[in-house]
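Subject: Structure handover

Hello,

Here is the structure we spoke about, with its sequence. My notes on what turned up follow below.

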Amino acid sequence: MPSKITMAPLALAALIATIGVHAHAAEQVVKIGVSGPLSGANAFAGKDNENGVRLAIEELNAQKIQVGANVLRFVLQSEDDAGDPKQGVTVAQKFADAGVKFVLGPYNSGVAIPASRVYNDSGILMSTVGTNPKITASGYPTVFRIVASDTQVGASVAGYAAKELKIKNIGVIDDRTAFGQGIAMEFKRQAQLAGIKIAGHEFTNDKASDFAAILTALRAKKVDAIFYGGYAPQAAPMVRQMKQLGLNVPLLGGDTLCSPEMARLGGDAVGENVRCAQAGAIVAKQPGGAAFLASYKKRFGREPDVYAPSFYDQTKFIAQAIQSAKTVDAKAVGVAMHTISYQGVVGMYGYDPKGNLKKTAVTVYTFKNGALMPLASY
């Protein structure tokens, strides 16, 4: 006959209380929206960003986070803004109508600037990788930029061009988007302060594929390098055409050029001639970075692109802030995010009163055998 198990009254009472808490804990759904380009030339980036959030949500749900009497269940709602400002505003309103209180995105600065007002007015916390300084200039308390701004990236690329590449005479091209213009203007300003002459500033658009005329104009000015403010789907054919025209100088740019898409679209024309600056430290060398990279590849069957780690980190930070604030109210969570910090796989997150990162590393990369290779961090 089995022996009878006895338990002290106090221990039994504690066990019953614990079982009772979990048995009666209600499930509270927390909707996490993602706004990004899921169609068009930058769809690769939109999907990558979404994957970063999806991975974070799956890990958070496995943790059974409890706030008050409720166990939180995070639910992803992803919408295609197509990189278009009008569609981005429509997506923002759709999220508001659906009761979404936390949004990761938009990806494009030109979408983030008008959408931020809708999110602010609707009481939604917005976390964007848009780098144009105008995004946080309004000082909305629940708008956060989760990467370096154009000011920080522009300064890093300009410093690298002057000190490491010894550039004296540079041409600038931008795609006339809010992002492209913003980073090009910041680069020009910082480059001139570093003693670099701006030989010319040419313009294109984010749908273009033929850059022969503007590249020929800059070649005539005997530039030592070209800085491009724009996205990988244009930068890749641009660098191929530079090679065809015998314009054998470096192509410099911001984080949008630090994408596997550059190598995929540019082929053997993309190598050490491309130098790009990306916010954050080298993920593989950060605490938890290797584990994130392995988890991402296992889940999605590919390496992450530029921003998946940042979207992953910010989703985790939001969850930490919800626990700190003991509420899912976006305004209260925003207050918490301004006062606490979070160690992510890209680095340490902590925000100033306007929603900019207090401190962030910027790493300059090049390409070798189709893969990114870090050169220097600032």
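Phe292 is buried, because its relative accessible area is 2%, and buried here means under 20%. The model is a predicted one, so please read this value and those that follow as computed from a prediction. Tyr296 counts as buried too, at 0% relative accessibility. Phe292 and Tyr296 both sit in helix α11, residues 289–300, and are four residues apart, or about one turn of that helix.

Since Phe292 belongs to α11 and Tyr312 to helix α12 (residues 308–325), the pair ties together parts that are 20 residues apart in sequence. Phe292 and Tyr312 are both buried.

In total, the structure has eleven aromatic pairs. Elsewhere, ring pairs link five residues into a cluster, namely Phe144, Phe317, Tyr342, Tyr349 and Tyr351.

The sheet

What is the strand order in the open sheet of seven strands? The order is β8-β7-β9-β10-β11-β14-β15, and the pairing is mixed. The edges are held by β8 (197–203) and β15; each has a single partner strand, so one side of each is left without a neighbour in the sheet. On average, neighbouring strands of this sheet are turned by 25 degrees against each other, with direction ignored.

I looked at strand β14 (residues 362–368) in some detail. On one side, β14 runs antiparallel to strand β11 (residues 274–279), and four bridges join the two. Ala279 stands opposite Val362 of β14 there. On the other pairing, six bridges join β14 to strand β15 (residues 371–377), again antiparallel.

- Thr363 stands opposite Ser377 in β15.
- Tyr365 stands opposite Pro374 in β15.

β14 and β15 form a hairpin with two residues between the strands, and Asn369 in that hairpin has a positive phi near 55 degrees.

The peptide bond from Gly105 to Pro106 is cis, with omega near -5 degrees. Pro106 is in the loop between β4 (102–104) and α4.

Does the length of α4 agree or disagree with what 1.5 Å a residue should give? The 13 residues of α4 (residues 109–121) should span 18 Å, and the end C-alpha atoms are 19 Å apart, which agrees. Even so, α4 bends by about 35 degrees at Ala115. Ala115 is one of the buried residues of the helix; the others are Ser109, Val111, Ala112, Ser116, Val118 and Tyr119. Just after α4 comes Gly123, with a positive phi of about 70 degrees.

Two lysines with positive phi

Lys64 has a phi near 55 degrees, which is a positive value in a residue other than glycine. Lys64 is placed in the loop between α2 (43–63) and β2 (66–67). Is Lys64 buried or exposed? At 60% relative accessibility, Lys64 counts as exposed, because the cut-off for exposed is over 50%.

Lys166 also has a positive phi near 55 degrees, and is likewise not a glycine. Lys166 lies in the loop between α6 (150–163) and β7 (169–174). With 57% relative accessibility, Lys166 counts as exposed.

Regards

Technical notes: Residues are numbered from 1 along each chain as its sequence is written. This is a predicted model: local features need pLDDT of at least 70, side-chain atom pairs count only at pLDDT 80 or more; totals for chains, interfaces and linings use all residues. Side-chain values use heavy atoms; hydrogens and water are left out. Two strands pair if DSSP finds at least two bridges between them. The expected span of a helix is 1.5 Å times one less than its number of residues. The bend at a residue is the angle between axes fitted to the seven residues ending there and the seven starting there. Buried means under 20% relative accessible area, exposed over 50%, partly exposed in between (1.4 Å probe, protein chains only). Rings of Phe, Tyr and Trp (its six-membered ring) pair if their centres lie within 6.5 Å; planes under 30 degrees apart count as stacked, over 60 as edge-to-face and the rest as tilted. Axes are lines fitted to C-alpha atoms, for helices over the stretch in contact, and angles run from 0 to 180 degrees between N-to-C directions.
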